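Subject: Structure for your study

Dear colleague,

Please find the structure below, together with its sequence.

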Amino acid sequence: MTVLRLARSELKRMTGGLLPKLTILALALVPLLYGAVYLYANWDPYGKLNQIDAALVVQDSGAASEDGTRLEAGKKVAESLVDGHVFNWKTVASTEEADRGVSNGTYAFALKIPEDFSANLVSPGSFDAANQAMLNVTTNDANNYLLSTIVDKLTTAVHTTVAKEVGEETANQLLTGFGTIHTQMLKASDGAARLADGVARLHDGTVTLHQGTGELKTGAAELYNGEVELRDGAASLSAGAGELSGGLTQLKDKTAALPASAQQLADGAAQVAAGNAALNTQMQAIPGQLAAAQQAAQQAAAEGQRSRVVASTSRLVASGVLTQEQADKVVADVDATPAPPAASPASASAAKLQAAAAQVQKLSDGSAAVSAGAAQLARTAPALSDAVAKASAGADQLAGGSAALAAGQQNAVDGAGKLAQGTQKLDDGAAQLESGAATASDGAGTLAGELAQGAGKVPNPDDAQKDSLSKVMADPVAVSNVSQAKAGSYGAGLAPFFLTLSLWIGIFMLVQAMRPVTQRALASNAPAWKIAAGGWLPFLAVSAVQASLLTLVVDLGLGLDPAHPVLMWFLMLAAAMAFSAIIQGVVALLGSPGKLVVLILLVLQLVSSGGTFPWQTTPEPLHVVHQILPMGYVVSGMRHLIYGADLAIILPTMLGLVGYTLLGLALSTAAVRKNKYWTLKTLKPEIAV
């Protein structure tokens, strides 16, 4: 018995009547029902989102931008959404109505643009209160779970677009501000240069001021020393004025009786002058009287000369001309002198009296002069007394004034001391001011230089540069997508996974109607490998038809348009070969439980093949499953062939599928050897599915 005869006999059995033929046809169409129909339903879901009703609430009231223009960002966003026709937007008046529509399923979701949307967009232009502009989205996973992801992508796109537009405007304003800063810094640099010149002049002035304060300090010290000397002089003056005042007071006291005494003196002097005048009158008359007495003596010499002399001298004593002693001496002289001749004694006395009269005349004249002087003294004594009194009062005032002067001079000394201290501080301050002015001059020069240098570093873009830079600043990162292999649609992206999965399911359905190994073959003496191969070939034939039909319908009916259609068909045939060998071998070896094992293998490959998400994102144990089972390799190979990627992995994938085929044939051969020996379980299995 040959392998082909075994396969042909099984195929004849399966196509011996109308119903078996329909069964084979139905089994051949199973991958189409699962793979092609699913791909057809999900071929381009994003292209038909415009059939989904979505609520759009626009409450934005607009805002004034920095340049005075009116920004209506909310209305622009709404218009762009409606014009884009991504969703079937329904304008709703209120957020409450939109929320009710999302809740009851009238709307798939709601996009709400709040009242302060535009105001918050322009707020970054002011550093006082910058707020984010919000787009409020209301979703309901009860409407559809994936719809939330789609809406997130939409709002992200809207956010990016609006942020880019507003970012360009903000960046433009920022660059304009840089230009303004550049201009102002140039002005500030010029001002700083003028400031540096002014501060340099200030420094020169402070040098002069310091010199002046030094001289002022020296003058203040000299003033202080002079004030000290003046204070000492004022103290001496005060002491002298006090002594003068005391002396004049005593003089005033002593001269208080001077007018009266002078008057008494004048009166006495007048009396003396009068007496002397009378004496002079009498004395002037004496020579004549003496001449007469001489004549009388000569006449009466005999009458006793002594008695006449005594009488004469007595009269002279009585008149006060002669004192008693003088009279007694004259008498004694007369007594002692002998009687002269008649004419000689009288002549001698007359001569003496004449001389005495001349002296008395002088005395009279002198006493008259004394009397006149005393009278004049008496007349001037009151004025002198008043002058002394006034001098005493003036001396008192001088003493008081000199005391006040001494006190004031002490104050002047204190003030001069403070002035000296102040000028010292002033000089120190002037020195500090000079040093500070020098530092300020250096700093102003540095400031001018740094401002000029800084102004050169601050950009001053023109309008074209601002336009270019604002676009870059608003969207600094641009993504250049270079797609080495790209799926044309959502369905094309899922095609490798669902084609492979539907092929496994279609072959799995074959074991429901086709026998892995026939009992007749087991009863023959044919080698086990021939029996195994003969049981597998019918599965291969039907699975090849499944793969071919599936490929043909997807390529021509759905428009998959693979980059390598022939190689894709060969890979589908290779996958059908490997899948059919594994499924036929497992079911042949394990019987009805083997169908459960095939189903388990399907589930494991469903989650580990990386058909939707990359297989690296699955839990670690499933990484091992991905490496062992064939579906992951088929999915990767299909992607390379459909999208036009590198073909280097196709040959290893083909060789791997041949290996899985040999593994399946090995399992089938083991099943034949096992089932060559019948048991009670063979006649009556414990379970049949």
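In helix α17 (residues 620-628), the buried residues are L622, H623, V625 and H626. Here, buried means under 20% relative accessible area, exposed over 50%, and partly exposed in between (1.4 Å probe, protein chains only). Helices (H or I, at least four residues) and strands (E, at least two) are DSSP runs, numbered from the N terminus. Seen down the axis of α17, the buried residues fall within an arc of 160°, so they line one face of the helix; the arc is that of the directions from the helix axis to the C-beta atoms. The face turned away from the buried side of α17 carries the exposed residues E620, P621 and I628. Among the elements covering the buried residues of α17 are α16 (592-608) and α18 (631-643).

Please note that this is a predicted model, in which local features need pLDDT of at least 70, side-chain atom pairs count only at pLDDT 80 or more, and totals for chains, interfaces and linings use all residues. Residues are numbered from 1 along each chain as its sequence is written, and side-chain values use heavy atoms, with hydrogens and water left out. The protein has a mean pLDDT (the predictor's confidence in each residue, from 0 to 100) of 74, and 61% of its residues reach 70 or more. Among the elements of the protein, α15 has the highest mean pLDDT (93) and helix α20 (residues 680-683) the lowest (55). Where pLDDT is low, the predicted coordinates should not be read in detail.

The cores come next. A nonpolar core is a set of buried Ala, Val, Leu, Ile, Met, Phe, Trp, Tyr and Cys residues joined through side-chain atoms within 4.5 Å. The largest such core has 52 residues, and L499, L503, W504, L560, I583 and M638 have the most contacts inside it. At least two residues of this core come from each of α12 (490-510), α14 (528-557), α15 (565-590), α16, α17, α18 and α19 (650-675). The most is given by α12, with 13 residues. A second, separate core of 19 residues includes L56, L111, I113 and L154.

Helix α12 also holds T500, which is buried with a relative accessible area of 1%. Leaving aside neighbours within four places in sequence, T500 is in contact (heavy atoms within 4.5 Å) with F579, M631, V634, V635 and M638.

There is also a sheet to examine. Four strands form an open sheet in the order β4-β1-β5-β6, with mixed pairing; two strands pair if DSSP finds at least two bridges between them. The edge strands, β4 (88-91) and β6, each pair on one side only. Strand β1 (residues 53-58) pairs with β5 in the parallel sense over four bridges, and L111 in β5 is the bridge partner of L56. The pairing of β5 with strand β6 (residues 136-139) is antiparallel, also over four bridges. Five of the five residues of strand β5 (residues 109-113) are buried, so β5 is largely enclosed by the rest of the structure.

Helix α4 (residues 95-104) lies across β1, β5 and β6, running at about 165° to β5. Axes are lines fitted to C-alpha atoms, for helices over the stretch in contact, and angles run from 0 to 180 degrees between N-to-C directions.

Yours sincerely,
A colleague
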